[in-house]
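Colleague: I'm new to this one, could you walk me through it?
Modeller: Gladly; let me put it up, and then ask whatever you like.

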Amino acid sequence: MKVLMNDEIINRSEAKVDIEDRGYQFGDGVYEVVNIYEGIPFTLKEHIARLYRSSMEIGIQLTEQPEQLCNRLLELIKANSMTNGGLYLQISRGVSNRTHHYDQTLTPQFVAYPLPYKSVLDAQTNGVEAITAEDLRWLRCDIKSLNLLYNIMVKQKASEAGAFESILIRDGIVTEGSSSNIFIVKDGILQTHPANNLILNGITRTKLLEIMNKNGWKYKLEPFYKEDLMEADEVFLTSTTSEVMPIIKIDGITFSQAKPGPFTRKFQTAFREAVKSETKSTTEKA
Ligand code: PMP
C-alpha cells in the first residue's frame, strides 16, 4: 500500500508517526473519509472544503491550496491502482514537546491512505438495527475532529447489542448517529436536524438535500424528538460509507413491517444515480 505523507507518496512500511505528534498525543487534528467509485473520488472537493473548514476552526493553517491537495490525492489513488474503497485523510497540528498549548509555527502533518472496499449492499437492501444513546459529546460537533472517544464508546455499545448504529439524543432531541446523520419520514415529508454546532454537516446529507431540491421533494431542517423518531413512518441514516442506509429497528422496536420504506428506497436510488452520473462525468472530463 502507498501512503501520502505530507507531500510524498511512500510505502506503508516507511510511514512513521513521531511519538510527540499532537494528533497522536491529544487527538489534536482533523480528518475526512472519501469514497472511491471505480477509481473516482466522490464529492472530493466538498470533503476537502470541509477538511479546510475543520482545520481553520481549530486554528491549523494550511499553506497548500485545496486544488493541489486534490491532485495529490488523485495521484495516490493511481499509485494504489484503487477501484472501489475509501481514502482516509488526516491532519495533525504537528510535532512538539507535550504541552496543552501550542506554538503557532508548528508544521501540520498530513497523511492519506486507502481504506479497503466493504460492501454495504446487503445492509442497504435489508435495513439495519440501531439503538439510542445519550449525546454526551462536546458542543462543536460541526468540526470533524480526531477526538472520537464518545463516538467510539456508543458505536461499541451498538455493536455489542448487535446493532449497526447508535442514534444520539441530546435534551430529548435526535442530533445524529455516532458516525452518520439521521433522517425520518413522516407523512411523506423528510426531516433531519439542521446543520449547526450539534451535528457534523454530512457530505452525504448535503448531497441528498441537493437531490431533494432538484426533484422538488419536501423536507424540513428542524430538530425532532425521540418520540418523533419512534413514531416515524421511515428512518434512515446517511454517511460516506453507508450512503443511504434504512433503519428498520430501534431499541428492539420494529418499523415499517421490518423492511425499508418506499421513500427511503426512492432516496437510495436517487443517491446512487447521482453517484453514477457524477463519477462518470468526472471520468469524461479527465
Ligand atoms: N456525523 C458524524 C458524527 C460522522 O462521523 C459522519 C461520518 N463522517 C457523518 C455524520 C456523516 O458524514 P458524511 O456524510 O460526510 O460521511
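Colleague: Let's start with the open sheet: in what order do the six strands come, and how are they paired?
Modeller: The order across the open sheet of six strands is β2-β1-β6-β5-β3-β4, and the pairing is antiparallel. At the edges stand β2 (8-11) and β4 (40-41), each of which has a single partner strand, so one side of each lacks a neighbour in the sheet. Please keep in mind that this is a predicted model.

Colleague: And which strands does helix α2 touch?
Modeller: Helix α2, residues 44-57, packs on the sheet and touches β3 (29-37), β4, β5 and β6, with a direction that makes about 175 degrees with that of β3. Helix α3, residues 66-79, packs on the sheet as well, touching β1 (2-5), β2, β3, β4, β5 and β6, and its direction makes about 165 degrees with that of β1.

Colleague: How many bridges join β5 to β6?
Modeller: Strand β5 (residues 85-92) and strand β6 (residues 109-115) run antiparallel and are joined by seven bridges. To find this pairing on the model, you can look at Tyr 88, which stands opposite Tyr 113 in β6, or at Ser 92, which stands opposite Gln 109 of that strand.

Colleague: What about β1 and β6, how many bridges there?
Modeller: Two bridges join β1 to β6, and these strands run antiparallel. Leu 4 is the residue that stands opposite Ala 112 in β6.

Colleague: Changing topic, is strand β7 enclosed or open to the outside?
Modeller: Strand β7, residues 128-134, is largely enclosed by the rest of the structure, because five of its seven residues are buried.

Colleague: Which way do β7 and β8 run, parallel or antiparallel?
Modeller: They run parallel, and five bridges join β7 to β8; Glu 134, for instance, stands opposite Ile 169 in β8. The pairing of β7 with β14 is also in the parallel sense, over three bridges, and there Glu 129 has Lys 249 of β14 as its bridge partner.

Colleague: Now the ligand: which residues come nearest?
Modeller: There are 17 residues around the ligand, and of these Lys 144, Glu 176, Ile 203, Thr 204 and Thr 240 come nearest. A polar side-chain atom of Lys 144 lies 2.4 Å from a nitrogen atom of the ligand, while for Glu 176 a polar side-chain atom lies 2.7 Å from a ligand nitrogen atom. In the case of Thr 240, an N or O atom in the side chain is 2.6 Å from an oxygen atom of the ligand.

Colleague: You mentioned Ile 203 and Thr 204; which residues of α6 are buried?
Modeller: The buried residues of α6 are Ile 203, Thr 204, Arg 205, Lys 207, Leu 208, Leu 209, Ile 211 and Met 212. The helix itself covers residues 203-215, which is 13 residues, and reaches 18 Å from its first C-alpha to its last, close to the 18 Å expected at 1.5 Å a residue. Just after α6 comes Gly 216, which takes a positive phi of about 70 degrees.

Colleague: Where is there a positive phi at a residue that is not a glycine?
Modeller: Asp 171 has a positive phi of about 50 degrees although it is not a glycine, and Glu 243, not a glycine either, has one of about 55 degrees. Asp 171 lies in the loop between β8 (165-170) and β9 (173-177), whereas the place of Glu 243 is in strand β14, residues 243-250.

Colleague: Are those two buried or exposed?
Modeller: Asp 171 counts as exposed, at 73% relative accessibility, but Glu 243 is buried, with a relative accessible area of 11%.

Colleague: Last topic, Thr 264: what is it in contact with?
Modeller: Leaving aside its neighbours within four places in sequence, Thr 264 is in contact with Glu 234, Phe 236, Val 244 and Pro 246. The side chains of Thr 264 and Glu 234 are joined by a polar contact of 2.6 Å. Thr 264 sits in helix α8, residues 262-285, and is buried, with a relative accessible area of 1%.

Colleague: And Lys 266, how far is its C-alpha from that of Asp 18?
Modeller: Their C-alpha atoms are separated by 47 Å, and the two residues are 248 residues apart along the chain. Lys 266 is found in helix α8 too, where it is partly exposed, with a relative accessible area of 33%.

Terms used
Residues numbered from 1 in each chain as written. Predicted model: local features only at pLDDT ≥ 70, side-chain atom pairs only at ≥ 80, totals over all residues. Heavy atoms only, no water. Helix = DSSP H or I, 4+ residues; strand = E, 2+ residues; numbered from the N terminus. Buried < 20%, exposed > 50% of the residue type's maximum accessible area, 1.4 Å probe, protein only. Polar contact = N/O pair within 3.5 Å; in protein donor to acceptor, adjacent residues only side chain to side chain. Contact = heavy atoms within 4.5 Å. Expected span 1.5 Å × (residues − 1). Pairing = 2+ DSSP bridges. Axes fitted to C-alpha atoms, helices over the stretch in contact; angles between N-to-C directions. Near = heavy atom within 4 Å.
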